[in-house]
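Good morning, and thank you for coming.

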Amino acid sequence: MTAQLIDGKAIAQKLRMEVADAVMKRTALGKMQPTLATVLIGDRPDSAAYVASKQKACADLGMGSVNHTLPADANQSQVEDLVKKLNDDRRVSGILVQLPMPAHLDEERVLSLISIEKDVDGFSPLNIGRLAQKGREPLFVPCTPFGCIYLLEQVGVKLEGANAVVLGRSNIVGMPAALLLIGRNATVTVCHSRTRDLPDVVRNADIVIAAIGRTEMVRGSWIKPGAAVIDVGINQVVDSTRKSGHRLVGDVCFDEAKEVAGWITPVPGGVGPMTIAMLMKNTLHAAEIQET
Ligand code: NDP
């Protein structure tokens with residue numbers, strides 16, 4: 001293996017400890033305990049598991065959390081009323097509406113309603129708009145792309161002037177990751193399902209962020225020697241040797257890419273742990289800005 005492994009688990013743990021320390025210092029001073037309100041609509045088991053792990057992280061770091069559950073057939077005004085109530089609730093620092101919402105709901109309308117000061121997921125159009133504008137700062141950066149950039153910076157990958165290729169242009173990962181890289185003076189190419197000659201585009205990249213949800217699509221032969229590779233993908237593949245019958249793999253063929261890249265994140269244990277750590281950092285930040 002030539003690549004250095006980027007240990008997302010260890011980097012996330014260090015960040016979580018920093019956040020827990022800051023929370024402890026605040027509460028010792030009698031300041032408000034940072035508190036995350038989660039909204040879970042419907043009964044998707046994966047969404048319920050994500051919400052549960054976010055609440056556990058809050059408890060682990062000394063933060064408060066409160067979960068609101070709505071039935072899968074909740075109507076638009078029920079969801080909007082709940083978000084408005086949480087916006088007005090001074091005990092709530094941050095609001096996270098678990099995605100995806102059931103298809104009959106207008107997701108964009110719901111996300112637009114979250115007060116910008118409580119938008120800890122960073123998905124409101126106002127925060128994304130600020131991220132896209134030169135000279136403006138969002139109050140919150142979406143957690144997964146924020147985690148990707150944090151990993152690169154922690155291991156000392158130079159972003160300024162680097163050729164970066166982002167695979168995927170989703171609102172929650174690809175697009176904000178590209179905006180963050182541009183903000184740090186990288187030269188960015190964003191690829192998607194209609195991109196021609198994807199391997200050739202990737203071969204020019206000093207930094208690759210792969211967020212396409214395609215099992216091990218990025219091959220070792222696509223990677224420029226020495227490049228930094230951040231694999232966001234989480235794909236389940238059948239594995240009869242595991243008790244669960246499956247295992248998780250990324251969008252990058254790790255075994256091939258690790259022989260060429262300079263740095264690489266594993267799946268699991270790379271970007272995944274960073275997402276919740278960043279949510280905790282954002283929730284702390286929400287409590288801080290609401291008292292200024
Ligand atoms: P989306 O499905 O919303 O977006 C996928 C993007 O990849 C789209 O822009 C799509 O292009 C592009 N794409 C799909 N197929 C190809 C292809 N063959 N070639 C080039 N581009 C392609 O996914 P997300 O952004 O939500 O998630 C991406 C991955 O990251 C998933 O595996 C997901 O599970 C994982 N993820 C991991 C997180 C973590 O915490 N580690 C958090 C969030 C997501 P187009 O726009 O043209 O359709």
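**Cysteines and cores**

A search of the whole structure, which is a predicted model, finds zero disulfides. Consider Cys-148, which is in no disulfide. How far away is the nearest cysteine sulfur? That sulfur belongs to Cys-143 and is 11 Å away, whereas a disulfide requires two cysteine sulfur atoms within 2.5 Å. Is Cys-148 buried or exposed? Its relative accessible area is 0%, so Cys-148 is buried.

Cys-191 is likewise in no disulfide, and the nearest cysteine sulfur, that of Cys-148, is 15 Å away. With a relative accessibility of 1%, Cys-191 also counts as buried.

Let me turn to the cores. In soluble globular proteins, nonpolar side chains tend to be buried together. Here, the largest nonpolar core has 51 residues. Among those with the most contacts inside this core are Val-19, Leu-181, Ile-207 and Met-280. Several elements each supply at least two residues of the core, including helices α1 (8-28) and α7 (174-183) and strands β7 (207-210) and β8 (228-231). Which element gives the most? Helix α10 does, with ten residues. The core also draws at least three residues from each of domain 1 (30-115) and domain 2 (142-272).

Finally, another core, of 19 residues, lies apart from the largest one. Val-39, Ile-41, Val-92 and Val-97 are among its members.

Key:
Residues numbered from 1 in each chain as written. Predicted model: local features only at pLDDT ≥ 70, side-chain atom pairs only at ≥ 80, totals over all residues. Heavy atoms only, no water. Core = buried A, V, L, I, M, F, W, Y, C linked by side-chain atoms within 4.5 Å. Buried < 20%, exposed > 50% of the residue type's maximum accessible area, 1.4 Å probe, protein only. Helix = DSSP H or I, 4+ residues; strand = E, 2+ residues; numbered from the N terminus. Domains from an automatic or database assignment.
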